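Biologist: Please show me the model, and let us then discuss its features one at a time.

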Amino acid sequence: MKVVGVIGAGAAGLCATRHILSSEELTPIVWEQSSQIGGTWRLSKDIGTDSRGFPVHSSMYESLRTDLPKLIMKFPDFDFPSKVESFVHHTAVLKYLEDYADHFNLHPYIKLGHHVENVSVLESDEGPPCWAVTVKDLSTDVVSTVTCDALLVCNGHFSTPQKPLIEGIEDFKGRQIHSHDYREPSPYTDSRVIILGAGASGLDILMEVSAVAKEVLLSHNLPVPFPSELPPNVKQGSGIMKASENGFYLKDGSFQEADCIIYCTGYKYTFPFLEDKCGITVENNHVKPLYKQIINASFPTMGFIGIPSRIIVFPLINYQVQYFLATLTGKTCLPRTAEMKSEIEAYAGERKKQGWKENQYHILQNDQFQYMEDLATLAGIKLPSPHLKKIWDVVIPRLLFSFPIFKTYEYSLGEDGALVEKWEGKGVSTSWDLTILTAKQVSRLLWYNFPKIAYILGSSILKKLKGFVGL
């Protein structure tokens, strides 16, 4: 029986353990640094470092609710309780993961309070490489090394903040924090706040902070303003060029006074326990060489779960795990190393042609649905439900065009499998309602930003638009 090591007991690690146990050929051993399971879904009151001196892992804040409804967030083989709302509070997600671990009897295989210090590859002429994992028991300080036939890295990627380099930031006298350290809005009462970054966490924190702050600037590098209506004390501006003692100069030439800045600028992929010989590098926040964004192409008995971003996390990691395990048990065959690396390079080249920067190569968005189908097909398991994409295609426009209220909608499936959407307890004609919402917000965007949009589109398209509207 092959031993599969799993680093981390958050959602990815728990999913990996569940499916390893479903195979008669595999057995798991799981190391979790904290004293409890749940990973980033377990809120920490600490900021910076925890009581043991380790960097705080969780990026939860007190009021956080999911950006996607539970109907598509769940693992395919385990439901959320029916009584919880569609966009669930982080405590409900943690309870869901605890129930998942209980249901599949995962706890006996998880070593809590065990810190992985080092991973090295053990090459052999007689078979695939194995892995030497050196672990410290934090309760006893005893260090031991375990040899695994395969290794799944499930350490998450929402724990190491990424901050931009801002000219003159050392002169700024106000408060600076990353969203990783944000917990609740009261410290920003009556303050002038800059939120840097218009991703989901930036917008979420903006909504909270604006309720107590004097004014909030949403600073970002989007070509046009974020298209949703926002609170009246919120305005939008371009990215930051440089800092001064009492504020920031923006790229559009304007100046914004500020008492504090919250960096909502994402996270770094980090694997500090991997030796260089493991063959994994992170350049411009691009983890490589990963075949199918999972498998270490240099040593394919090592896999990484949960690397892609802008995805429906739990279903996607479910298919990643099962595909990786299928390669271990022989249910599916991997190409040769050179072929895998060639495919990785081809994928990177295609992304570059499409205009993506290297630090965006792990973003999947709408590509995630074909990606999950491909993994399921290769692993010989049931394909993802089509309602994943149907609900995604409803929720994302609502997020973009009506951010302040999009989490107040409720979603379910009718007996015929059709999507049922409700708002304030009443049924919604989804197609018609989204058409009206999109038309309204696009018209509003065009009305207030036509010169900028015209510049972006270019003169040839501008001529077509003028002809269309009769100008």
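Biologist: In which loop is Asp190 found?

Modeller: A word on the source comes before the answer: this is a predicted model, in which local features need pLDDT of at least 70, side-chain atom pairs count only at pLDDT 80 or more, and totals for chains, interfaces and linings use all residues. Residues are numbered from 1 along each chain as its sequence is written, and side-chain values use heavy atoms, with hydrogens and water left out. Strands are DSSP runs of E with at least two residues, numbered from the N terminus. Asp190 is found in the loop between strand 8 and strand 9 (192-196).

Biologist: Is Asp190 buried or exposed?

Modeller: Buried means under 20% relative accessible area, exposed over 50%, and partly exposed in between, with a 1.4 Å probe and protein chains only. Asp190 has a relative accessible area of 60%, so the residue is exposed.

Biologist: Which phi does Asn284 have, and where is its place?

Modeller: The place of Asn284 is in the loop between strand 16 (281-283) and strand 17. Asn284 is not a glycine, yet its phi is positive, at about 55°.

Biologist: How many disulfides does a search of the whole structure find, and why?

Modeller: A disulfide is a pair of cysteine sulfur atoms within 2.5 Å. The sulfur of Cys260 has its closest cysteine sulfur in Cys264, 11 Å away, which is too far for a bond. Cys260 is buried, with a relative accessible area of 4%, and Cys264 also counts as buried, at 8% relative accessibility. For the whole structure, the search finds zero disulfides.

Biologist: Is the peptide bond from Lys288 to Pro289 cis or trans?

Modeller: Pro289 lies in the loop between strand 17 (286-288) and strand 18 (290-291). The omega of the peptide bond from Lys288 to Pro289 is near 0°, and the bond is cis.

Biologist: Which residues form a nonpolar patch on the surface?

Modeller: Such a patch is made of residues with over 30% relative accessible area and no salt bridge, and nonpolar side chains (Val, Leu, Ile, Met, Phe, Trp, Tyr) are joined within 5 Å. A salt bridge is a side-chain nitrogen of Lys or Arg within 4 Å of a carboxyl oxygen of Asp or Glu, and accessible areas come from the Shrake-Rupley method with a 1.4 Å probe, only the protein chains shown counting as cover for residues. Phe255, in strand 14 (residues 255-257), is partly exposed, with a relative accessible area of 34%. The patch has about 270 Å² of accessible area together, and its residues are Met241, Tyr249 and Phe255.

Technical notes. Patches are made of residues with over 30% relative accessible area and no salt bridge: like charges are joined within 9 Å, nonpolar side chains (Val, Leu, Ile, Met, Phe, Trp, Tyr) within 5 Å. Helices (H or I, at least four residues) and strands (E, at least two) are DSSP runs, numbered from the N terminus.
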